[in-house]
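Have the viewer open as you read.

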Amino acid sequence: MKSVESLPARIVPRGFISRAWWITGIYALVAILWIYFSDRALLLFLESPEQVAEWSTKKGFIFVAVTATILFIATRWAFGALEKGFTSLQAHEKEVERLNRLYSALNEINHSIARTSQRDELFEKICHNLVEHGGFRMAWVGWSNPATHQLVPVASHGDSTDYLKDIVITTDDRPEGRGPSGQAFRQNRPHISNDVSKDHALDHWRKQLLRQGFKSLGAFPIRIKHVVRGMLNVYAMEKDFFQEKEVDLLMNAASEISFALDNFEREAERIRARASASNERAFSETLLESLPGVLYFYNERGKFLRWNRNFVNVSGYSDEEIAAMHPLDFFAHDNKQFVKSRIEETFTAGESSVEAPVLTKSGTQIPYFFTGRRIQYSGETCLVGVGIDLSERVQAELALR
């Protein structure tokens, strides 16, 4: 036990010293009054010196008994406040130690959130930090199974006796779902049990909990997009562990976990969307490249936005060259005005077609049938179309002639 000198000044000096003066003053007053009045009383009631001497001895014993009683009462009064202050100090120091452990655990949890990108890995680290740094006996995370309505343990630390192996907790209103975890899940708020031996919500599990030495526990909801999906459960080996500050810290930890899971979900959605877009793009590319003719896509200014590999192979121009060219650049001078009118018709009427030979980079002309359709793309009016090689048809017609 700590000495009086080692106790903080706010508990010892003023009250304790004033009580010391009171004890001293009362003792001195009682002693003076006793000596003064007891001698006169003996002289009043006793006549012989022998009787006075005999009662003087008895008077001394009575004085010792009275003053001892007074001293006992006074010292109990004085040291009662000191004992109360020391007990309060011990409780305060214990609370500070507990909060420091929780702050340390919360700090480690935040570091884990910053360094972890997988849900189950994060849960394992959180349970480890709460036990190793937070001072809990056991911590585990249960995740809801919508098909069975069970809270399935997905991560734990401190379960040295396989307590979680046989335990059944549900999220619905069955007897297995009326404990702290089930109630916290349905009510979307923490459930605290500061005395396992008296909490009726734990009747179904009390024997198992007491066998493990658990005295108090808390269940805190974990949410994804504001919907409860799991529970963070922590167990302590002492009663009344979960006071207001402890509950606030653990609620904060559950909120940080929920925020991290929201980020995981957003990242997973972004990856899925990117994969879907990539697949869609690959499908579109494959589809475009598998077309038997040429494909072209340009805006009203005649700037090419897309084309397929057949367009490059037929025209003889590279991708860089096509990107800098106008659609009329692929036709001979005699055909440009006719093709231009069909392009304008497409932008005006919505669709059109034309037969005209393509002028390749080498100067060769290849007969083609072109179609065009007007569409809106990224806020622009554009034309998309395909061209079919008519060489075989032309040759057949010439052969018939």
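P221 stands opposite M231 in β5. That pair belongs to strand β4 (residues 216-224) and β5, which pair in the antiparallel sense over 9 bridges; two strands count as paired if DSSP finds at least two bridges between them. Strands here are DSSP E runs of at least two residues, helices are H or I runs of at least four, and both are numbered from the N terminus. The hairpin of β4 and β5 has 2 residues between the strands, and K225 takes a positive phi near 55° there.

Before going on, note that this is a predicted model, so local features need pLDDT of at least 70 and side-chain atom pairs count only at pLDDT 80 or more, while totals for chains, interfaces and linings use all residues. Residues are numbered from 1 along each chain as its sequence is written, and side-chain values use heavy atoms, with hydrogens and water left out.

## The sheet around β5

β5 spans residues 227-236 and is mostly covered, with 8 of its 10 residues buried. Buried means under 20% relative accessible area, exposed means over 50%, and partly exposed is in between (1.4 Å probe, protein chains only). Strand β1 (residues 138-145) is also a partner: 6 bridges join β1 to β5, and the two run antiparallel. W143 has G230 in β5 as its bridge partner.

Zoom out and you get an open sheet of 5 strands in the order β2-β1-β5-β4-β3, with antiparallel pairing. β2 (150-157) and β3 (191-193) sit at the edges with a single partner strand each, so one side of each has no neighbour in the sheet. The twist averages 20° from one strand to the next; for such angles, axes are lines fitted to C-alpha atoms (for helices, over the stretch in contact), and values run from 0 to 180 degrees between N-to-C directions. At the β3 end, 3 bridges join β3 to β4 in antiparallel fashion, and I192 has G218 in β4 as its bridge partner.

## Helices on that sheet

Helix α3 (residues 119-132) lies across β1, β2, β4 and β5, running at about 60° to β2. α5 packs on the sheet too, touching β1, β2, β3, β4 and β5, and its direction makes about 150° with that of β5. Contact here means heavy atoms within 4.5 Å.

H111 counts as partly exposed because its relative accessibility is 34%. The C-alpha atoms of H111 and K125 are separated by 9.9 Å, with the two residues 14 apart along the chain.

## The other sheet

Another 5 strands form an open sheet in the order β7-β6-β10-β9-β8, again with antiparallel pairing. Its edge strands are β7 (304-307) and β8 (351-359), each pairing on one side only. Neighbouring strands are turned by 25° against each other on average, direction ignored. Strand β6 (residues 294-299) joins β7 through 3 bridges, running antiparallel, and F297 has R306 in β7 as its bridge partner.

On a 1 Å grid over the protein atoms alone, a cavity is a set of points where a 1.4 Å probe fits but cannot get out, and lining residues have an atom within 4 Å of a point. Grid points are joined across faces, edges and corners, and a volume is the space filled by probe spheres set on the points.

The largest cavity has a volume of about 280 Å³. Its lining has 23 residues, with Y296, Y298, F331, V339 and F370 nearest the centre. β6, α8 (309-315), α10 (333-349), β8 and β9 (365-377) each supply at least two of the lining residues. By class, the lining has 16 nonpolar, 6 polar and 1 charged residues. Nonpolar covers Ala, Val, Leu, Ile, Met, Phe, Trp, Tyr, Cys and Pro; charged covers Asp, Glu, Lys and Arg; the others, Gly among them, are polar.

The second largest cavity comes in at about 120 Å³. Of its 16 lining residues, I169, P180, S181, L202 and Y235 are closest to the centre. α5 (180-187), β4 and β5 each give two or more residues to this lining.

## The largest pocket

A pocket is an open set of points with protein on both sides within 12 Å along at least five of seven lines. About 310 Å³ of space lies in the largest pocket. Of its 14 lining residues, S117, R119, F264, E265 and A268 lie nearest the centre. The largest share, 7 residues, comes from α7. The lining divides into 6 nonpolar, 2 polar and 6 charged residues.
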